Amino acid sequence: MSLISQLDEAVEAVHGKSTTSPVIGVVLGSGLGAWAETLQDRTVIPYAEIPSMPVSTIVGHPGNLWLGYAGGVPVACLQGRSHLYEGHTPDRAVFGVRMLARLGCRAVLLTNAAGGTHPAWTPGDLMLITDHLNLTGRNPLVGPNEAEIGPRFPDMTHAYDRRIAALAREAAMDTGVALREGIYAGLLGPSYETPAEIAMLRGLGADAVGMSTVFEVIALRHMGVRCGGISCITNLAAGLGGAPLSHAEVEETARMSRDRFSALLSAWVKRVGAAISGSPSWRGGAA
Ligand code: HPA
């Protein structure tokens, strides 16, 4: 079955369970999934009930699509994502965000847990992603291109939309939440990095390092959807903090950041929603 038919089948299944027409998609990273439960008039659809949707296997990634309203803005929210290290192929791993685009989302806000590469940063810091380094050696667009979905060679100059980033800075001011900024390096995982790799990544310009997000942004830009990203810096990257890294620590720090993260995300969604409803130029390309 073509990808477009798979997406249409998934969208039809979602429409059978919810009448919400989302304009913003949100992807919730490790330990950050609770935000979905703040939506009003919400419907939850387990990924297992959506045809072609890969099911995530990681603790902290429950695997539900939520539809509902945040500050009056209709949103679709992926609670749990698929990673390459689970064995998903890159094109399968991005099926969820492609579905968000096909459901009508004009912008997708991606969140993740990441290691920080700056010794002076503190676990719990939040970082606006201004650009990324895809260091996985893979790309979800490898294989035949379906022109109906997007171009063979999509531009990535403004992978992280400048207007959405500006709205994140405003949301940070609205809520009094401190927001760092930097470049996110996406690696394959699932092992964490060595201290030598972290030293190399710093040299390459990475401020944060994680195992997600970059494929989703590539797939969304392919479809002409604008993207924004925020990392929760759950730990200092390998070699900077001294102690060994663990997924439990990542989840715990993300959970402790939950209130600041939720306040910021809610304010961001509200501002992006207002920008979308106020501007016809949101239909179409990127800034
Ligand atoms: N490295 C890679 N992925 C991560 C990290 C890290 O230090 N922390 C959370 N996700």
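Author: Happy to! One term before we start: a residue counts as buried when its relative accessible area is under 20%. Also, keep in mind that this is a predicted model.

Reader: Got it. So is I230 buried or exposed?

Author: I230 is buried, because its relative accessibility is 2%, which is under the 20% cut-off. This residue is found in strand β9.

Reader: And which residues is I230 in contact with, leaving aside its neighbours within four places in sequence?

Author: Among them are L110, T111 and N112, then L126, M127, L128 and I129. L179, L264 and W268 are in contact with I230 too.

Reader: How far apart are I230 and T43?

Author: They are 187 residues apart in sequence, and their C-alpha atoms are 25 Å apart in space.

Reader: Nice! Which element gives the most to that lining?

Author: That would be β5, with 4 residues. By class, the lining of the largest pocket has 13 nonpolar, 11 polar and 2 charged residues.

Reader: How much space lies in the second largest pocket?

Author: About 250 Å³. Of its 15 lining residues, L3, D91, P140, P144 and E146 are the closest to the centre.

Reader: And what is that lining like by class?

Author: The second largest pocket is lined by 6 nonpolar, 5 polar and 4 charged residues. Helices α1 and α2 each supply at least two residues of this lining.

Definitions and conventions:
Residues are numbered from 1 along each chain as its sequence is written. This is a predicted model: local features need pLDDT of at least 70, side-chain atom pairs count only at pLDDT 80 or more; totals for chains, interfaces and linings use all residues. Side-chain values use heavy atoms; hydrogens and water are left out. Ala, Val, Leu, Ile, Met, Phe, Trp, Tyr, Cys and Pro count as nonpolar, Asp, Glu, Lys and Arg as charged, and the others, Gly among them, as polar. On a 1 Å grid over the protein atoms alone, a cavity is a set of points where a 1.4 Å probe fits but cannot get out, and a pocket is an open set with protein on both sides within 12 Å along at least five of seven lines; lining residues have an atom within 4 Å of a point. Grid points are joined across faces, edges and corners, and a volume is the space filled by probe spheres set on the points. Buried means under 20% relative accessible area, exposed over 50%, partly exposed in between (1.4 Å probe, protein chains only). Contact means heavy atoms within 4.5 Å.
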